Amino acid sequence: MSKSPKNISIASHQDNELSTVQKLGLTLGFIGLFIMILALFNVNFPNKTIWFTVSISSILIGIIIYARSSYLHKPEGINNNGIFHKSLTNRGIFAYMLGILLTSFYVVLYWYPSYLGLGEDGVANSGIVGFFDPFSYFLNGHAASQWFVYGTFYTLAILGLGYKFILKYRNNKYQLVRTISVMFFQLGFAFLIPEILSKLNPDLPYFAKDLKNMWPLNYYFFEDWHLTNMVQGGNLGMFMLIFGVAMIFIISPILTYFYGKRWYCSWVCGCGGLAETAGDPFRHLSNSTETVWKVERWMIHSVLVFSFVTTIAVIFTFLSNNPELSFITRNQFIYGIVGFLVVFTGALFYFKRSDLDADAKYTMLSLVAIIIISIAINFFSGNQNILFIDSYALRKWYGFAIGAAFSGVIGVGFYPLLGNRVWCRFGCPMAAILGLQQRLFSKFRITTNGGQCISCGNCTTHCEMGIDVRSYAQKGENIVRSSCVGCGICAAVCPRGVLKLENGSEEGRINSNEILLGNDVNLMDLLNNK
Amino acid sequence: MPFSMEHIVIIGNGISGVTLARHIRKQSDSKITIISSETEFFFSRTALMYVFMGHMKFEHMQPYENDFWKKNSINLVHKRVTEVLPKEKSLVLEDNSKISFDKLVIATGSIPNKFGWPGQDLNGVTGLYDKQDLEALEKWAPTTKRAVIVGGGLIGIELAEMLRSRNIPVTFLVREKSFWSGVLPLGESQMINRHILEHHIDLRLGTNLVEILSDKNGHARAVVTDKGETIDCEIVGLTAGVSPNVAFLKDSGIDLGRGVKVNRFLETNIKDIFAIGDCAEQHEGIDLRRPIEAVWYTGRMMGEALAQTLTGNPTQYKPGHWFNSAKFLDIEYQTYGWVFAKPMEHEEQFYWEHKDGKKAIRISFDKESRTFLGINTFGIRLRHEFFDKVLTDEKTVDYVMHHLAEANFDPEFFTNYNKEIQQQFTTEFIGLKTE
């Protein structure tokens, strides 16, 4: 009569049993990965193209098989059973091993690419970079670089693990649409289109061709060599320059106004794309204490100031050295920036001061710091030396510390230890800017459903940005936080249907009423008047 | 500390007691002490299941960080109260120390019901209510080959989900002919029956527990049902409702019924002693509510109301429109207003169920006036604010049908079934009246 599965073991019941199909998926995937490792150790495969195809396909198919057998036999719903019991997802031994491996990979990738087989000074590629040569020639007409290898893996991770994510949350259409979006932007805009554009325009100097990778996330956009290459890059280069500037000043503010910063951070951005797919199993590791929130505020705004100042300094030097190449002088440039920021910050303060929370105040102070530093630059700098520091040294340090060490090594390498949004939360200057817009100029908010919150804490636990969502929900407040990337997982895991991501009227968006529906109306009024 | 400073002592650090303490602190500098034998710090017992299932860790259940209490100068005492001495205005703790109070609030919550079943106190037998229950389940789970759960309500199905998350086979004994049928009308109740089976839970409807058998070490080894069947098991979950946790007040002189008797100001028969939350019993139920409401939200609201009274602004406990929610495995449930399992005389009900059998709504309205009375919703999220206003303004069912889109609270891109629902309603109830 019993419909339950029989269980005859004496002490099993920990949920780490793998099904046969899951084992098959793992086997296939790791064989694919093993072929890559063999390539890394310079095993000379007779027919690279075939072995490469076998390797990539078995990784992808392995992930697909594993994901299907993990989720499809269960009814649609939330699949977080055991994440705090498993070594890999609860900072156990597997998590450390993975963290160390990823971190080492990034160190080698950024600073020792020759270990991966990158041929320098005209030497042909070997190792894993050489293994990717046929694929690279096929796509862009050049030999592979370490960045091509990395880009392929990155795209593979977003596609494969994005598929897994879709199955995991297949009861939730918001997650479906959003994940298809990040997969599309990664595969098309970040990977295929730039490679194909290079192939079609073999003679152009290098400039970034990923339309969605905007400044300040793409920190070298305004660097002299990059500006020069774009200007000399024909129609395509000019288009990239104009579109890049339009992204920053027109497209991004408009989209952020209507949809919140999620349009970028969890729908389009590559960093966000990896975090949401490959990083999803680690989202609950993001710390949500107030102390860490303070650290976050300091770090992200320090990076913000650093990135602005570096960019301003580099452009300043460029203008100083090449007055004939541009249509404005360095004075005009600095005072233009200062004027823009003064008007922007002043208007913000004047019109929105009642909506400023601690995060927004820090962002405003960062902007003021940038204004002061910019003026100081103009007074105390020669052509090359910005405030007595070489501007090229400054940008080198930014590239090293932020562009490589923070966003790559720590940002991804530490997924299994600190959660999947370390970079986005503590370091991304773009997230800080969009966050200020989201807090002050946006229709986006997470609405709390009246008085239905039971303070269970699923939302806070699973928030990848470490926002204490519950602290708002249990008071009946909307959540309007600078850092929210709008992934929608809080709303998905809420067992009582309390949270909803919405774009609505700006009136009453930021509410601090501590009173929840369901109570006596007079008492509500009374408490609200306090 | 100034002499005049009043000492408010709260027994119980659940949602009622903690809400009360927070709201008093917002408006007064009174000395506040919260006493709990369960844990040092407040946690949301609604999340116990998620800790067992590995979705969360214990600390994630705590809505306030540990230093919150000190920052807000709320004293915490982690001890059991054994006796209340109203005349002396003091309490006796388990170590025989005493705490005196100026005002006392009893917020001791509930204990799981046990109906005198033989073997109900064996090892391996537990409710799902407090931290100790969670610890017991953690201890027994690894060696459990089957669990039997007794009682077909909200906690029973949560416990079943928990145990299934660790691949422990579960037999679920439900006294009624269908799951939670005292509250849910047949359609919804049967939908949940099917969903329980889909999760490989061995559901036994119309089946009662007779006896729990012991092994030689005093641990449960099997249960006997009224169908004469003996089911081997190592865990027995007793989830047949809860009762107020008031036994320690027996000799205190505080007026007790099943719970602590209180008036609308949440005052007991003794001056300066109050009761809130699960353990409080109204002399008469408010509106259609029961005298004892063991619900998260009502506990919170009582805390909010009493905080006003205790800070010099006497306020009755006047709950607004009824609402509640739950989750049955993967199916979310919300309710606003009143929908009765067996419709009342004046009540008409409209029921729609999606063909996948996992979404449904039932709307109750007045036969004559067509005034909207309440809604049950399954698998579709609805907006509390909308229905609160509809109930206050006494709108008709037709108004609600016209504004289903406005009422929806599902995430973006979710399929909505408004058209389907409206069409069925039109067919069944002779056209939509427009306003």
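Modeller: A word on terms before we start: helices are DSSP runs of H or I with at least four residues, strands are runs of E with at least two, and both are numbered from the N terminus. The model itself is predicted.

Colleague: Thanks! With that in mind, where does A:Pro216 lie?

Modeller: A:Pro216 lies in the loop between helix H7 (173-200) and helix H8 (224-231) of chain A. A cis peptide bond joins A:Trp215 to A:Pro216, with omega at about 5°.

Colleague: Which other residue has a positive phi although it is not a glycine?

Modeller: One is B:Leu266, with a phi of about 65°. B:Leu266 lies in the loop between strand S18 (260-262) and strand S19 (273-275) of chain B. At a relative accessible area of 0%, B:Leu266 is buried.

Colleague: On to helix H3 of chain A: how does its reach stand against the expected span?

Modeller: H3 (residues 93-111) has 19 residues and reaches 27 Å from its first C-alpha to its last, close to the 27 Å expected at 1.5 Å a residue. Its buried residues are A:Ala95, A:Gly99, A:Thr103, A:Tyr106, A:Val108 and A:Leu109. They pack against helix H6 (146-168), helix H15 (391-413) and helix H16 (415-418) of chain A.

Colleague: Why is the pair of B:Trp352 and B:Tyr417 called tilted?

Modeller: The two ring centres are 5.6 Å apart and the planes stand at 35°. Centres within 6.5 Å make a pair, planes under 30 degrees apart would be stacked, and over 60 would be edge-to-face. The pair is therefore tilted.

Colleague: What makes you say that this pair ties parts of chain B together?

Modeller: B:Trp352 lies in strand S23 (residues 347-353), while B:Tyr417 is in the loop between helix H10 (404-407) and helix H11 (418-428), so the pair ties together parts that are 65 residues apart in sequence. B:Trp352, at 1% relative accessibility, counts as buried, and so does B:Tyr417 at 14%.

Colleague: How do you know that a charge sits over the ring of A:Phe207?

Modeller: The charged end of A:Lys209 is 4.5 Å from the centre of that ring. The distance cut-off is 6 Å, and the charge must also be within 35 degrees of the ring normal. The charged end of A:Arg297 likewise sits over a ring, that of A:Tyr362, 5.5 Å from its centre.

Colleague: Which residues have the most contacts inside the largest nonpolar core?

Modeller: B:Ile106 and B:Phe328, in a core of 124 residues. Helix H7 (residues 296-310) of chain B gives the most to this core, with seven residues.

Colleague: Finally, why is B:Ser73 called partly exposed?

Modeller: B:Ser73 has 44% relative accessibility, which falls between the limits for buried and exposed, so it counts as partly exposed.

Conventions. Residues numbered from 1 in each chain as written. Chains lettered and ligands numbered in written order. Predicted model: local features only at pLDDT ≥ 70, side-chain atom pairs only at ≥ 80, totals over all residues. Heavy atoms only, no water. Expected span 1.5 Å × (residues − 1). Buried < 20%, exposed > 50% of the residue type's maximum accessible area, 1.4 Å probe, protein only. Contact = heavy atoms within 4.5 Å. Core = buried A, V, L, I, M, F, W, Y, C linked by side-chain atoms within 4.5 Å. Phe/Tyr/Trp six-rings, centres within 6.5 Å; stacked < 30°, edge-to-face > 60°.
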